[in-house]
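Hi everyone, thanks for coming. Let me put the sequence and the model up, and then we can walk through a few parts together.

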Amino acid sequence: MEESLRIGAFCKKFGVSASTVRYYIHYGILIPETRNGQFLFSKSCVQDMAQIMELKELQFSLEEIHSLLTLRRKFNLAKKEDADSYLHLLNRQKERLTERLEKTRQQEALLEQIQKELISSTSDQ
């Protein structure tokens, strides 16, 4: 039998609060075992949480994370259509991030323009 982590050790491992973990459990993103009223987190929960952290870093919503994990858990992405659904979600997020990056670059250029104008106007005085 694999060793399971209790909620405190699990939270410490990932640097998250117990309320965050409980929320993920309530939302169905994490599915730990329950024994004597305590959550026990297996190796698969650790793997799920590592993936959750990665997907959050990539700015996926919790709903999208839930969908991605569900696809992986239920179908193990063995079927082409399931893998395609997974890839579609990844590609959609990549497009959103690319759009945000372009918008951020435009904002940065605008800030630089304002700075140059300000420096120019103050040096003329």
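Contact here means heavy atoms within 4.5 Å, and helices (H or I, at least four residues) and strands (E, at least two) are DSSP runs, numbered from the N terminus.

Before going on, a word on the source: this is a predicted model, where local features need pLDDT of at least 70 and side-chain atom pairs count only at pLDDT 80 or more, while totals for chains, interfaces and linings use all residues. Residues are numbered from 1 along each chain as its sequence is written, and side-chain values use heavy atoms, with hydrogens and water left out.

So which residues of H1 are buried? In this helix, residues 7–14, they are Ile7, Phe10, Cys11 and Phe14. Looking down the axis of H1, you see its buried residues fall within an arc of 100 degrees, so they line one face of the helix. That arc is taken from the directions from the helix axis to the C-beta atoms. As a reminder, an α-helix has 3.6 residues a turn, so residues three or four places apart point the same way. Lys12 and Lys13 are exposed, on the face of H1 turned away from its buried side. By buried I mean under 20% relative accessible area, by exposed over 50%, and by partly exposed in between (1.4 Å probe, protein chains only). After H1 comes Gly15, with a positive phi near 65 degrees.

Now the strands, which pair if DSSP finds at least two bridges between them. E1 and E3 run antiparallel and are joined by two bridges; Leu5 has Phe41 in E3 as its bridge partner. Strand E2 (residues 33–35) also pairs with E3 in the antiparallel sense, over three bridges, and there Glu33 is partnered with Leu40.

Where does Asn36 sit? You'll find Asn36 in the loop between E2 and E3, a hairpin with two residues between the strands. Asn36 is not a glycine, yet its phi is positive, about 55 degrees. Asn36 counts as exposed because its relative accessibility is 79%.

Gln59 is another non-glycine with a positive phi, of about 65 degrees. Gln59 belongs to the loop between H3 and helix H4 (62–75), and counts as partly exposed because its relative accessibility is 43%.

Last stop: Tyr86, in helix H5 (residues 80–123). Tyr86 has 12% relative accessibility, so it counts as buried.
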